[in-house]
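Visitor: I am new to this structure and would like to learn how to read it. Could you walk me through a few features, one at a time?

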Protein chains: 2
Amino acid sequence: MNGPNRQILLDTRPKGRLTRRHFSVASGDIPEPGPDEVLCRTILLSVDPANRAWMEGVSYRAQIAEGQVMAGYGVCEVLTDGNERVAAGALVLGEPGWQEYAALPVRSLRRIERRSALTHHLSVLGPTGLTAYFGLLEVGRPQSGETVVVSAAAGATGSVAGQIAKIKGARVVGIAGSDEKVQLLRQRLGFDAAVSHRSPTLEEDLRAACPDGVDVYFDNVGGQVLETILPLMNVHGRVVCCGAVSQYEKGPVAQTTVTKGVPGLLIMQRLRMEGILLLDFVKRFRVAESELAGWLQDGRLVALEDVCDGLETAPDALIGLLRGDNVGKRMVRVGPDPEPG
Amino acid sequence: MNGPNRQILLDTRPKGRLTRRHFSVASGDIPEPGPDEVLCRTILLSVDPANRAWMEGVSYRAQIAEGQVMAGYGVCEVLTDGNERVAAGALVLGEPGWQEYAALPVRSLRRIERRSALTHHLSVLGPTGLTAYFGLLEVGRPQSGETVVVSAAAGATGSVAGQIAKIKGARVVGIAGSDEKVQLLRQRLGFDAAVSHRSPTLEEDLRAACPDGVDVYFDNVGGQVLETILPLMNVHGRVVCCGAVSQYEKGPVAQTTVTKGVPGLLIMQRLRMEGILLLDFVKRFRVAESELAGWLQDGRLVALEDVCDGLETAPDALIGLLRGDNVGKRMVRVGPDPEPG
């Protein structure tokens, strides 16, 4: 194959740390859409910790196969007419994978009603923003005055979860991986406090930042940070299990993650831990998007975005994300916005 | 002290396995009730895994001190007049500890409205029955046709939880520690299936017993059994964290318990794990007791009871309970029922 469709393949599945060597570059043909499919051009690709989790085995979706185009979702422009829902020129959220062109089933596409910058439809108004919204409000249910702790708080989901908790009147404490991020959480996003998970005194730092204990913990990382926070939880506290990025390079996450204090502390403190997956809330996306877009417009919600330029940057973008390099929603710009500005 | 009030003291706190050597026998005076106290005579003492957990450190109650009367609740007869709520002759649920006589604060006592055998007020209608009721119905929320798995299913709480799940139309699978108990669950309590946690093929046994997966797991044991069941849970399954008896002899349970698959499986399957403690439902005790008493009367609920005779049997009763010797609610008869039969 030496066609015009640039692609990045998952060459071999990583055992442990993901590196560039696990990927390869290819050039395929521009595919011919089948019945009930349309041809799509990739504009922006979303880069998420989940990309790494998908390599590990069957999760809520099938494992990514070796030698295939790396899986991923993003914003696309539809190039051929589909049905009454999707015609040429439409902007959609879909799963083209890491390539410039893909033929995608019409029913797998979600039409984007452009509200503001196209990147916002992958960040605050996109799947990670919606995950923060439903995870925090449906599972975490913070009350005004309660203390909410968010890990990976400068990340795509955490930054939105923490800001929504502020909007709901909670005291919000962020955990992030560098002094720069800690500062950003306090100064730019208005968190009440922020601590670094690399601090040797993380437990004491958290105790100091949460003098009234923790009512809601929005967990994006699992592992040691989760274990450190569980003993700080107040009676009837809630843990939103949204991700376990600290574990994704250690083997199949569903099998290997281990948390000390479970179920002991859950019983003592009558805690609730609950997993969240965005798929369960499809019917309520429009309402949530409207509310998020309103907050964005009012300036109550800041969109933290981290855009890498060019399809070829995607492997490094993901590798760096897993190290915590990103600030906010990381995405890769693959092609131009048809209506920029 | 060499008075007429026989007592059993917790002589030394166990490190690891509890033995008789951790207890001693004493004879104290019959205490003089202070203001707002009444003198109580112990009739039945409840023996619970929680007794062991209380020795391990601060839990939802203070740690039991060495050299003091061993803590425990039970059914007492009030011997002196208190206030309008409790007068001499009343039967109450209270916390006399392991002794024949205790002066107890009136406000700590719960008046028993005698509905049937006095032992029922410690078993099906007592704290363990109520824990099963609220834990299953409030946290587990089984729907008709769903599969409910209960561990320590021949125990005080498990036997009631499983039977309530049957009443609610669920398919009920019990886990117990011997072939005799497994048979009893199937034959006497009407469970749909039962397996032994000592089986070397526990995971396969459970898979076979739960062909449609597990929707609710009522967990009394924690540890390996919890880890075995988590991967069998269906999407949106619920784990009622009621106890962790497999861990109580391994050190402070809140700190040391470790469960593989948390939070990984919670995220993948959107599971909810939630701790339950009866104290949170005090206001609804009467309603629950009435419903349980109705089922008992109708014969839909069987009271499994395991009564040891004499205060001096209490240490062995608890030691044996932690080995799983009991069938149903274990209690110790300390003195006669004032209105037997």
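Guide: Gladly! Let us begin with the surroundings of one residue. Setting aside neighbours within four places in sequence, A:Ser46 is in contact with A:Asn51, A:Tyr73, A:Gly74, A:Leu122, A:Lys329, A:Arg330 and A:Met331. Please keep in mind that this is a predicted model.

Visitor: Where is A:Ser46 found, and is A:Ser46 buried or exposed?

Guide: A:Ser46 belongs to strand β3 of chain A, which covers residues 37-46. Its relative accessibility is 0%, so A:Ser46 counts as buried. Its side chain also has a polar partner: the side chain of A:Asp48, at 2.5 Å.

Visitor: Which side chain makes a polar contact with that of A:Glu56?

Guide: That is A:Arg52, and the polar contact between the two side chains is 2.6 Å. A:Glu56 sits in a loop of chain A, between α1 (49-54) and β4 (68-69). With a relative accessible area of 16%, A:Glu56 is buried, because the cut-off for buried is under 20%. Beyond four places in sequence, the residues in contact with A:Glu56 are A:Pro14, A:Gln63, A:Tyr248, A:Gly251 and A:Pro252.

Visitor: Let us turn to a helix. Which residues of α4 in chain A are buried?

Guide: First the general idea: an α-helix has 3.6 residues a turn, so residues three or four places apart point the same way. Now the case here. In α4 of chain A, residues 179-187, the buried ones are A:Lys181, A:Val182, A:Leu184 and A:Leu185. Looking down the axis of α4(A), you would find these buried residues within an arc of 160 degrees, so they line one face of the helix. They pack against two strands of chain A, β10 (171-176) and β11 (193-196). On the other side of α4(A), the exposed residues are A:Asp179, A:Glu180 and A:Gln187.

Visitor: How should I read a nonpolar core, and which residues touch the most other members of the largest one?

Guide: In soluble globular proteins, nonpolar side chains tend to be buried together. In this model the largest nonpolar core has 64 residues, and those touching the most other members are A:Tyr217, A:Met273, B:Tyr217 and B:Met273. Take A:Tyr217 as an example: beyond four places in sequence, its contacts include A:Val149, A:Leu226, A:Ile229 and A:Met233.

Visitor: What about A:Val216: where does it lie?

Guide: A:Val216 is part of strand β12 (residues 214-219) in chain A. Its relative accessibility is 0%, so A:Val216 is buried.

Visitor: How many residues of chain A are in contact with chain B?

Guide: There are 35, and they meet 35 residues of chain B. The size of an interface is often given as the accessible area lost when the parts come together. For chain A and chain B, that is about 2,900 Å², with 66% of it on carbon and sulfur atoms. On the chain A side, A:Ile267, A:Met268 and A:Arg270 lose the most area, together 21% of what that side buries.

Visitor: And how are the two copies related?

Guide: Rotating by 180 degrees, with 0.0 Å of shift along the axis, superposes chain A on chain B with an RMSD of 0.0 Å. The copies are thus related as by a two-fold rotation axis. Moreover, 100% of the interface residues of chain A are interface residues in chain B too, so the copies meet through the same surface.

Key: Residues are numbered from 1 along each chain as its sequence is written. Chains are lettered from A and ligands numbered from 1 in the order in which they are written. This is a predicted model: local features need pLDDT of at least 70, side-chain atom pairs count only at pLDDT 80 or more; totals for chains, interfaces and linings use all residues. Side-chain values use heavy atoms; hydrogens and water are left out. Copies are superposed by least squares on the C-alpha atoms of residues with pLDDT of at least 70 in both. Contact means heavy atoms within 4.5 Å. A nonpolar core is a set of buried Ala, Val, Leu, Ile, Met, Phe, Trp, Tyr and Cys residues joined through side-chain atoms within 4.5 Å. Buried means under 20% relative accessible area, exposed over 50%, partly exposed in between (1.4 Å probe, protein chains only). Helices (H or I, at least four residues) and strands (E, at least two) are DSSP runs, numbered from the N terminus. A polar contact is a pair of N or O atoms within 3.5 Å; within protein, one must be able to donate a hydrogen and the other to accept it, and residues adjacent in sequence count only if both atoms are side-chain atoms. The arc is that of the directions from the helix axis to the C-beta atoms. Buried area is the accessible area (1.4 Å probe) that two parts lose on being put together, summed over both.
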